[in-house]
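Biologist: I would like to learn how to read a structure feature by feature. Can we take the features one at a time?

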Amino acid sequence: MKMYIENIPQSHIAYMRRVGVYGEQNYKLMQDMKRWVHERDLWNSEGVIYGIAQDNAAQTLPEKCRYDVCFVTNSVFEDEFIHYGMLPTGKYLVCEIIHTADEVQHFYSNLMSVLSIEGERIDESRPILERYQFLLVEKGYCEICVPIL
């Protein structure tokens with residue numbers, strides 16, 4: 001696994017949101033956003049999609065958990081399903097992993113060990129970002145961006 005520290009800059013995003021139990025419906029929302037991006041020919045070498053679980057499921061009622069799938073863009077679209085906002089900025093430990101459900105699950109299972117080994121502490125005031133950059137996705141990878149202090 002490749003790891004490095006990055007200061008993620010402020011970026012405008014267009015996003016879709018669902019509220020409810022985290023799980024299979026989040027995957028469906030990601031597929032909906034990918035379809036939306038492809039239908040508008042926005043997926044290119046500069047393309048970046050983020051998946052953001054906005055709430056800690058251990059502290060928020062499952063039916064109130066918010067999950068956003070975001071596309072980095074300065075454009076505004078006439079679409080009732082699209083909202084606009086800013087990406088959470090700051091210092092992140094970026095971990096590049098193979099983009100499979102098993103690898104993502106393995107990463108989250110070992111997150112605290114990874115942070116300990118790297119000598120970092122999670123910043124719980126910001127959400128973890130799952131980042132899908134065009135060039136990495138094309139090679140079968142994604143990145144988990146863990147907010148650190």
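Biologist: Is Asp-123 buried or exposed?

Modeller: This is a predicted model, so every value here is computed from it. Buried means under 20% relative accessible area. Asp-123 has 13% relative accessibility, so Asp-123 counts as buried.

Biologist: Where is Asp-123 found, and what is Asp-123 in contact with?

Modeller: Asp-123 is in the loop between helix 3 and strand 7 (129-133). Leave aside its neighbours within four places in sequence, and Asp-123 contacts Pro-147, Ile-148 and Leu-149. Tyr-92 is 31 residues from Asp-123 in sequence, with the two C-alpha atoms 9.0 Å apart.

Biologist: What sits over the ring of Tyr-92?

Modeller: The charged end of Arg-126 does, 4.7 Å from the ring centre.

Biologist: Now rings against rings. How is an aromatic pair described?

Modeller: By two values: the distance of the centres and the angle of the planes. Planes over 60 degrees apart count as edge-to-face. This structure holds four aromatic pairs. One of them joins Trp-43 and Phe-134, with 5.4 Å centre to centre and 65 degrees between the planes. That pair is edge-to-face.

Biologist: Which parts does the pair of Trp-43 and Phe-134 tie together?

Modeller: Trp-43 lies in the loop between helix 1 (24-39) and strand 3 (48-53). Phe-134 lies in helix 4 (residues 134-137). The pair therefore ties together parts that are 91 residues apart in sequence. Trp-43 counts as buried at 17% relative accessibility, and Phe-134 counts as buried at 18%.

Biologist: What kind of pair do Phe-107 and Tyr-108 form?

Modeller: Their ring centres are 5.6 Å apart and their planes are at 75 degrees, so this pair is edge-to-face. Phe-107 is buried, at 4% relative accessibility. Tyr-108 is partly exposed, at 30%.

Biologist: Next, helices. Why would one side of a helix be read as a face?

Modeller: An α-helix has 3.6 residues a turn, so residues three or four places apart point the same way. Now take helix 3 (residues 111-118), whose buried residues are Leu-111, Val-114 and Leu-115. Seen down the helix axis, these fall within an arc of 95 degrees, so they line one face of helix 3.

Biologist: Which residues are exposed on the other side of helix 3, and what covers the buried ones?

Modeller: Met-112, Ser-116 and Ile-117 are exposed on the other side. The cover over the buried residues includes strand 1 (2-8), strand 6 (90-98), helix 2 (101-109) and strand 8 (141-147).

Biologist: Let us turn to a strand. Where is Ile-13 placed, and what does Ile-13 touch?

Modeller: Ile-13 is in strand 2 (residues 12-19). Ile-13 counts as buried at 5% relative accessibility. Residues up to four places away in sequence are not counted; beyond them, Ile-13 touches residues including Phe-71, Val-72, Tyr-84 and Gly-85. Ile-13 and Gly-85 are 72 residues apart in sequence, yet 5.4 Å apart in space, C-alpha to C-alpha.

Biologist: And Gln-31: where is that residue found?

Modeller: In helix 1. Gln-31 is partly exposed, with a relative accessible area of 26%. Gln-31 and Ile-98 are 67 residues apart along the chain, and their C-alpha atoms are separated by 18 Å.

Biologist: Now the whole chain. How many helices and strands are there?

Modeller: Four helices and eight strands. Along the sequence the pattern is β-β-α-β-β-β-β-α-α-β-α-β.

Biologist: What does the radius of gyration say?

Modeller: A compact globule of 149 residues would have a value near 15 Å, and the protein has 15 Å, which agrees. The C-alpha trace spans about 45 × 35 × 30 Å along its principal axes.

Biologist: What share of the residues count as buried, and how far along the sequence do contacts reach?

Modeller: Of the 149 residues, 44% count as buried. Take contacts between residues at least 6 apart in sequence: 75% join residues at least 24 apart. The protein exposes about 8,700 Å², and carbon and sulfur atoms supply 50% of it.

Technical notes:
Residues numbered from 1 in each chain as written. Predicted model: local features only at pLDDT ≥ 70, side-chain atom pairs only at ≥ 80, totals over all residues. Heavy atoms only, no water. Phe/Tyr/Trp six-rings, centres within 6.5 Å; stacked < 30°, edge-to-face > 60°. Helix = DSSP H or I, 4+ residues; strand = E, 2+ residues; numbered from the N terminus. Buried < 20%, exposed > 50% of the residue type's maximum accessible area, 1.4 Å probe, protein only. Lys NZ or Arg CZ within 6 Å of the ring centre and 35° of its normal. Arc of directions from axis to C-beta. Contact = heavy atoms within 4.5 Å. Rg over C-alpha atoms; globule rule 2.2 N^0.38 Å. Areas by Shrake-Rupley, 256 points an atom, 1.4 Å probe, with all protein chains shown as cover.
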